[in-house]
Amino acid sequence: MNSTDGQQAPSTPQGGKLARWLVVAVLCAMLVAACVLGYLGWTSTDTSVPASGYVALVLGVAFSLVVGIGLMALVFYSSRKGYDEPAVLIQEPESEAEDGQSGPR
């Protein structure tokens, strides 16, 4: 394919598409394996969890969500306010003394 200025557009090698699909397939297989292992681990025992265990689980998840949401809010806030910009040295202009002397007393 040619672009509008007469130069040939860069082509994507076929190996690149194959590698992308291979990565997606491997990641999907790992997700399925993790789900299967999680299901087998969840259902493999007859042990019941006491109410305090469920309360601890809910509190842990809630605390993790609060910390994650709070940190992301701080990231967006600092980005919007410009706190993430690199430091810039602002030089003060040289001013002459008001009484005509050019040095410190």
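**Notes on the model**

1. Leaving aside neighbours within four places in sequence, Ser 78 is in contact with Tyr 83 and Asp 84, contact meaning heavy atoms within 4.5 Å. Ser 78 lies in helix H2 and counts as buried, at 15% relative accessibility; buried means under 20% relative accessible area, exposed over 50%, and partly exposed in between (1.4 Å probe, protein chains only).

2. This is a predicted model, in which local features need pLDDT of at least 70 and side-chain atom pairs count only at pLDDT 80 or more, while totals for chains, interfaces and linings use all residues. Residues are numbered from 1 along each chain as its sequence is written, and side-chain values use heavy atoms, with hydrogens and water left out.

3. The protein chain has two helices and zero strands; helices (H or I, at least four residues) and strands (E, at least two) are DSSP runs, numbered from the N terminus. Of its 105 residues, 1% count as buried.

4. Helix H2 has 31 residues and reaches 45 Å from its first C-alpha to its last, close to the 45 Å expected at 1.5 Å a residue (1.5 Å times one less than the number of residues). Gly 82, with a positive phi near 90 degrees, follows H2.

5. Val 61 has its place in helix H2 (residues 51-81) and is partly exposed, with a relative accessible area of 45%.
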